There are 2 protein chains.
Amino acid sequence: MSAALTETDRRFLRLAYDQAKLGYEEGGCPIGSVLAEGDRLIAAGRNRRVQEGDPIAHGEMDCLRRAGRQKSYRRMTLYTSLSPCMMCTGTILQFGIPRVVIGEAQNFAGNPDFLRQHGVEVLVADDADCVALMRRFIAEKPELWAEDIAED
Amino acid sequence: MSAALTETDRRFLRLAYDQAKLGYEEGGCPIGSVLAEGDRLIAAGRNRRVQEGDPIAHGEMDCLRRAGRQKSYRRMTLYTSLSPCMMCTGTILQFGIPRVVIGEAQNFAGNPDFLRQHGVEVLVADDADCVALMRRFIAEKPELWAEDIAED
């Protein structure tokens, strides 16, 4: 962790968790995301692989899609309940998002070091609720989780 | 180029170009993509940033979305009229797609070496029609192209 989370960070990370929880209740992969510029919410999204049959709709991707076309991401922060996979990592770099706040990286390590190597500020909150929700999902639906991260 | 394109490769790359051309005629970014397993077409797609107001809908992403949920990508080839950006590169790696055929890498270099470093077979066709269509688009709509690759 390169710095402490602000109150705004904690608020938006909670919103990402709420999205994850909603995804869980829908029978999907419980991963949520929020895009914000300072304290201004731009969009929220969640993994919709199951809900929409869409393999690219990871939480972060769904959030960025819902944000619509943006001229620049250079003052924005992307919040995600779970550490980003390589698809979402590549997207963060391609879009030039400078700051990422991650709920947890225990259930899935993701690529925080790769982001940092490319100049992205990455904070990992180690949020107990994010950890517990994801752990429960993986225990309940291991095949769905394997599909979501393309492990065969 | 690590090997020569097969007849099947040329056929699917042409289909990716046709998708790109359709995108151009719709007023969008002219980049098309095809997903196939051997000579079996799985899906075709094109960049729909303009058409659907969707910033993650690059050609490759739209194609993968339209392919729907797949148990495994390990015998598939992804065709794309233009060299993949970092979002699409990360997605190819995350999904475990082992082979990528690129129409051209002159108008946008993309990340073929990064893909190769991670074990993906990458072929670049240097297709004259792909080059010409993309060159025409960039000359006509430089702002839209800058937006699509998040250059501000």
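Analyst: Beyond its neighbours within four places in sequence, Asp148(A) is in contact with Cys29(A), Ile31(A), Asn47(A), Arg49(A) and His58(A). The model is a predicted one. Asp148(A) belongs to helix H7 of chain A, and with a relative accessibility of 2% it counts as buried. Of the residues it touches, Arg49(A) is joined to it through the side chains, by a polar contact of 2.7 Å.

Helix H7 of chain A, residues 142–148, also carries Trp145(A). The ring of Trp145(A) pairs with that of Phe108(A) in an edge-to-face arrangement, with 5.7 Å between the centres and 85° between the planes. Phe108(A) sits in the loop between strand E4 (99–104) and helix H5 (112–117) of chain A, so the pair ties together parts 37 residues apart in sequence. Phe108(A) and Trp145(A) are both buried. Together with Phe137(A), they make up a cluster linked by ring pairs.

Over all chains, the count of aromatic pairs is nine. Another of them is formed by Phe12(A) and Tyr79(A): the ring centres are 5.5 Å apart and the planes stand at 50°, so this pair is tilted.

From here the account moves to the charged pairs. The structure holds 38 salt bridges over all chains, and six of the salt bridges are between chain B and chain A. In one, the side chains of Asp54(A) and Arg65(B) meet with N and O 3.5 Å apart. Asp54(A) lies in the loop between helix H2 (49–52) and helix H3 (59–67) of chain A, while Arg65(B) lies in helix H3 of chain B, so the pair joins two chains. Both Asp54(A) and Arg65(B) are buried; for Arg65(B) the relative accessible area is 16%, against a limit of under 20% for that class. Another salt bridge pairs Arg65(A) with Asp54(B), where the closest N and O atoms are also given as 3.5 Å apart.

Arg65(B) has a further partner in Glu52(B), with the closest N and O atoms 3.9 Å apart. This pair links helix H2 of chain B, which holds Glu52(B), to helix H3 of chain B, which holds Arg65(B), across 13 residues of sequence. Glu52(B) counts as partly exposed, at 42% relative accessibility. These residues belong to a network of salt bridges, whose members include Arg48(A), Glu52(A), Asp54(A), Asp62(A), Arg65(A) and Arg66(A), as well as Arg48(B), Glu52(B), Asp54(B), Asp62(B), Arg65(B) and Arg66(B).

Eight of the nine residues of H3(B) are buried, so this helix is largely enclosed by the rest of the structure. The buried ones are Gly59(B), Glu60(B), Met61(B), Asp62(B), Cys63(B), Leu64(B), Arg65(B) and Ala67(B). After H3(B) comes Gly68(B), with a positive phi near 75°.

As for the interface itself, 30 residues of chain B are in contact with 30 residues of chain A. The area buried between the two chains is about 2800 Å², with carbon and sulfur atoms giving 57% of it. Ile56(B), Arg69(B) and Gln94(B) supply 24% of the area that chain B buries against chain A, more than any other three residues. Eight residue pairs are in polar contact across the interface. On the side of chain B that touches chain A, helices H2 (49–52), H3 (59–67), H4 (86–95) and H7 (142–148) of chain B each supply at least two residues. H4(B) gives the largest share, seven residues. By class, that side has 15 nonpolar, seven polar and eight charged residues.

A salt bridge within chain B pairs Glu37(B) with Arg40(B), with the closest N and O atoms 3.7 Å apart. Both residues are partly exposed: Glu37(B) has a relative accessible area of 26%, and Arg40(B) is at 47%.

Methods. Residues numbered from 1 in each chain as written. Chains lettered and ligands numbered in written order. Predicted model: local features only at pLDDT ≥ 70, side-chain atom pairs only at ≥ 80, totals over all residues. Heavy atoms only, no water. Contact = heavy atoms within 4.5 Å. Buried area = accessible area lost by both parts, 1.4 Å probe. Salt bridge = Lys/Arg side-chain N within 4 Å of Asp/Glu carboxyl O. Polar contact = N/O pair within 3.5 Å; in protein donor to acceptor, adjacent residues only side chain to side chain. Helix = DSSP H or I, 4+ residues; strand = E, 2+ residues; numbered from the N terminus. Nonpolar A, V, L, I, M, F, W, Y, C, P; charged D, E, K, R; others polar. Buried < 20%, exposed > 50% of the residue type's maximum accessible area, 1.4 Å probe, protein only. Phe/Tyr/Trp six-rings, centres within 6.5 Å; stacked < 30°, edge-to-face > 60°.
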